[in-house]
Amino acid sequence: NLSEKLDKAFHVLKGHGQITEINVAETLKEVRRALLDADVNFKIAKEFTNKVKEKALGQNVLTSLQPGQLMVKLVKDELTELMGGDAEGINLSGTPSIILMSGLQGSGKTTFSGKLANYLKTKKTKKPLLVACDVYRPAAIDQLHVVGDQIGVDVFSDRGNTDPVAIAEAGIAYAKANGHNVVIIDTAGRLAVDEEMMNEIANVHKAIKPQETLFVVDSMTGQDAVNTAKAFNDVLNFDGVILTKLDGDTRGGAAISIKSVVTKPIKFIGTGEKMDAIDVFHPSRMAERILGMGDVVSLVERAQEQFDEEEARKIQKKIAKNKFGFDDFLKQIQQIKKMGSLKDLMGMIPGAGKALKGMDIDDDAFKHVEAIIHSMTPAERETPTLLNASRKKRIASGSGRSVQEVNQLLKQFDQMSKMMKMMQGGGGKKMMQMMGG
Ligand code: GDP
Ligand code: MG
């Protein structure tokens, strides 16, 4: 299972001090990618991973007994929190309780109206009435009747009438007269947000004062869901979100984006076309789904592959014997380049900040450094102390850099070797592993 996989992925690094940060960062990069893949807004995804990072480092993830499990838990908990606490029900306080559906065309309002009526009827022993306020398409009224027949719930419609407010009010009156204690009002949607649709739903909302206004959204809508949710919320100040079409492989990142834009609870999800394909929204289940944890695991694993322990051990030995040369240095650079931005990585090495402060750690600077090292003979690379003034001059002209730059690199190399030697106990060991690929 997932936790075991992550545990395995973290195993190599376990107990190696703060270098763990690199792995935490690597993991969270994958989490962020998973969020973006799931259509979570970029800014929200970034904020999220930053938050998890702080928590992870605070808890010393890798030195814990089961780092993989702890990491998964952290990510999941944070995501769950972001999507809201426990599922909230529908406000059924009125007599009758009036529930208004809103949302774009095709979002699943009519289908969900039926599902909700069925749910309230069977689970809460209510007597619902469905009211057809989509006045633009005769087929829409038929559709609601079909749904009503299917679940054995009455449907109120008025085919000649083109005023949704009047139909809604008549429907409520019908409910009162016929002992219905819940009225679900299905409305018309457009393909995109427009003023006419907004005015219409706002007028219905104002006239009937529903106990519960629900915003229905297709979970496949992706980034657009944020704008649509905001537009409807600005006009209706709705009470809850219904996320439909969560069957199939939709990851439902829309849930996170919507949640962070409108801060309204997600109440139910739709998981199919059938009338019983309705579920109370569970933030923790959604968190698992959005993360598609498998992806995260594979990224952690990929990061892990870049740690070649064997090579790391060799380098350690060389350092111990003062035999660390420019070829090793070059390897490290290549390794670091594989792992991502040098600046990011260097920032994570414990104690390295100070030593590296003067160093130019632009990723571009790599090219120059590599050019210089490539202009050295094998003997020079192995024994940097060979480098006298004339050799330096030759290397400078060979690499197209200045002698000054060659000197600078030598100085950096020297600093680095010293630092690595210094760090060979404790955390330094881990750094060697990181650089040893
Ligand atoms: P409306 O225009 O907002 O009323 O949307 P509809 O209720 O007519 O739904 C539009 C389409 O989406 C229909 O074909 C529904 O069967 C389908 N649909 C609605 N909810 C779901 C769901 O949860 N899963 C799947 N797979 N299809 C759904
Ligand atoms: Mg409809």
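Where is the place of Thr125? The points below answer this and then go through the sheet, the helices and the ligand shell.

1. Thr125 sits in the loop between α5 and β2, where helices (H or I, at least four residues) and strands (E, at least two) are DSSP runs, numbered from the N terminus. The phi angle of Thr125 is near 45 degrees, a positive value in a residue other than glycine.

2. The structure is a predicted model, in which local features need pLDDT of at least 70 and side-chain atom pairs count only at pLDDT 80 or more, while totals for chains, interfaces and linings use all residues. Residues are numbered from 1 along each chain as its sequence is written, and chains are lettered from A and ligands numbered from 1 in the order in which they are written.

3. Contact here has a cut-off, as the C-beta atoms of the two residues, placed from the backbone, must lie within 7 Å.

4. Two packed helices are described by the angle between their axes and the distance between the axes. Axes are lines fitted to C-alpha atoms, for helices over the stretch in contact, and angles run from 0 to 180 degrees between N-to-C directions. For helix α5 (residues 109-123) and helix α6 (residues 138-151), the axes come within 10 Å and cross at roughly 25 degrees. That makes α5 roughly parallel to α6, since angles under 35 degrees count as roughly parallel, over 145 as roughly antiparallel, 65 to 115 as roughly perpendicular and the rest as oblique. Residues of α5 including Ser113, Ala117 and Lys121 take part in the contact, and among those of α6 are Leu144, Val147 and Ile151. By class, this contact of α5 with α6 has 5 nonpolar, 6 polar and 1 charged residues, where Ala, Val, Leu, Ile, Met, Phe, Trp, Tyr, Cys and Pro count as nonpolar, Asp, Glu, Lys and Arg as charged, and the others, Gly among them, as polar.

5. Helix α8 (residues 195-208) and helix α9 (residues 224-236) pack at an angle of about 40 degrees, with their axes 10 Å apart, and that makes α8 oblique to α9. In this pair Met198, Ile201, Ala202 and His205 of α8 meet Ala231, Val235 and Leu236 of α9; the contact has 6 nonpolar, 1 polar and no charged residues.

6. Helix α9 also meets helix α10 (residues 254-262), and the axes of the two come within 9 Å and cross at roughly 35 degrees. The contact of α9 with α10 has 7 nonpolar, 2 polar and 1 charged residues.

7. Around ligand 1 there are 17 residues, of which Gly108, Lys109, Thr110, Thr111 and Gly270 come nearest; a residue is near a molecule if its C-beta atom, placed from the backbone, lies within 6 Å of it. Helix α5 gives the most to this shell, with 3 residues. By class, the shell around ligand 1 has 1 nonpolar, 12 polar and 4 charged residues.

8. A further backbone feature is the cis peptide bond that joins Thr95 and Pro96, with omega about -10 degrees. Pro96 lies in the loop between α4 (67-82) and β1.
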